[in-house]
Amino acid sequence: MRVSLLTPMAALVGLVGVVVVWMRVRAARRAEELCARLGLEPAPRSRILLDVVPVVAVSVLLALAAAQPVMSRLAEKKGREGVEVIVVLDITRSMQARRAPSEATRLERARVMAKELRVAMPEIRVGLASVTDRVLPHLFPTLGENAFAAVADRAIDIERPPPDRRARRATALLALGELGRLAFYRQSTARRVAVVFTDGETIPVDLATLRQRLEDGRVSAMFVHVWRPDEALFGPDGAPEESYKPDPTAPGTIRRAAGAVGGLLFAEGEVRELAGAVKRLTGGGPAEVQGRELRSVELAPPLAAIAFVPLLFLLVRRNR
């Protein structure tokens, strides 16, 4: 187990507490000198301690929280053999749509749901791919949750890489048929699942061909529809682009695609139901230790919360 500081220089914020303590001690000494001149009995020094100790505690705790300590350790990682899942994210330009410039885009919402799905299936190997008019792998199925989150956050973005097709619509769900034909899964994997996050705004699809290709590749597909009818694309000035309107036929298109390939369709926010469906589809089986993974815990939030205890003591004491 190891503790490291992400922003050690930020701990200098604790110097504010040093200044406060110095001012309080100086004020107490001046009060003692004044009482000696007037022949009065000075306040007990225990009262000074009741003022100083909470200030020191708050300063130390906030300084540690500002330094962002992280406790990390290597933990055993268990996994099941014969099961692999590929999460496919639509990265075409329409996935930038949102209700307002301050809200999350379709792709950002899909990215969050994908990471939640990954966490809900720790014993299954999960990979990551993107789809435009072609499917490209970004991470082959792995048990590493940290690797999945890092790739989802840093490698997945709108039109990166761009589609070959340059038209108003670039999404081609037919490209999903390549999942089983190319080396997205290991040859030995018996149960192959693809979970596709898309807005469904696709060019016309030959659903019979898509189903045949997925069946030939032994891939079971599920879909998550990331789409709202009142979304828009916004330019750099924050104004909506008049050239884009959400496709009202998208819900029907994605529903027919899911039905054609014998897959389930989920709406946004149904991550728990999605994870349950994937687990039912992949079946049960023993999970064996297959390595170790670095696990980390951020200590800043609990330290900041604990700092409120001595601060509350000071406020209560002052009011009394």
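What we have up here is a predicted model, where local features need pLDDT of at least 70 and side-chain atom pairs count only at pLDDT 80 or more, while totals for chains, interfaces and linings use all residues. Residues are numbered from 1 along each chain as its sequence is written, and side-chain values use heavy atoms, with hydrogens and water left out.

So, first stop: T202. Is T202 buried or exposed? T202 is buried, because its relative accessible area is 6%. You'll find T202 in the loop between β6 (191-198) and α6 (207-216); those labels are DSSP runs numbered from the N terminus, with helices being H or I of at least four residues and strands being E of at least two.

Next, helix α8, residues 271-282. Which residues of α8 are buried? Those are V271, L274, A275, G276, A277, V278 and T282. The cover over them includes β3 (83-90), α3 (106-120), β6, β7 (219-225) and β8 (265-267).

Now the inside. A nonpolar core here is a set of buried Ala, Val, Leu, Ile, Met, Phe, Trp, Tyr and Cys residues joined through side-chain atoms within 4.5 Å. The largest one has 33 residues, and the members touching the most others are V87, L89, L128, V195, F197 and L274. At least two residues of this core come from each of β3, α3, β4 (125-131), α4 (145-154), β6, β7 and α8. Take V195: if we skip neighbours within four places in sequence, V195 is in contact (heavy atoms within 4.5 Å) with V85, I86, V87, V88, L117, M222, V224, L274 and V278. There's another core apart from that one, with 22 residues, including V131, L176, V196 and V219.

Last topic: charges. Side chains of opposite charge can pair when their charged atoms come close. For us, a salt bridge is a side-chain nitrogen of Lys or Arg within 4 Å of a carboxyl oxygen of Asp or Glu. How many salt bridges does the structure hold? It holds 15.

One of them joins E81 and R186, with the closest N and O atoms 3.5 Å apart. That pair links distant parts of the chain, 105 residues apart: E81 is in the loop between β2 (69-79) and β3, and R186 is in the loop between α5 (178-181) and β6. E81 counts as partly exposed because its relative accessibility is 48%, and R186, at 35%, counts as partly exposed too.

Then there's E201 with R106, closest N and O atoms 3.5 Å apart. Here E201 and R106 are both buried.

And inside helix α6, E215 and R211 sit four residues apart, about one turn of the helix. Their side chains meet in a salt bridge at 3.9 Å, N to O. E215 is partly exposed at 47%, and R211 is partly exposed at 42%.

Methods
Buried < 20%, exposed > 50% of the residue type's maximum accessible area, 1.4 Å probe, protein only.
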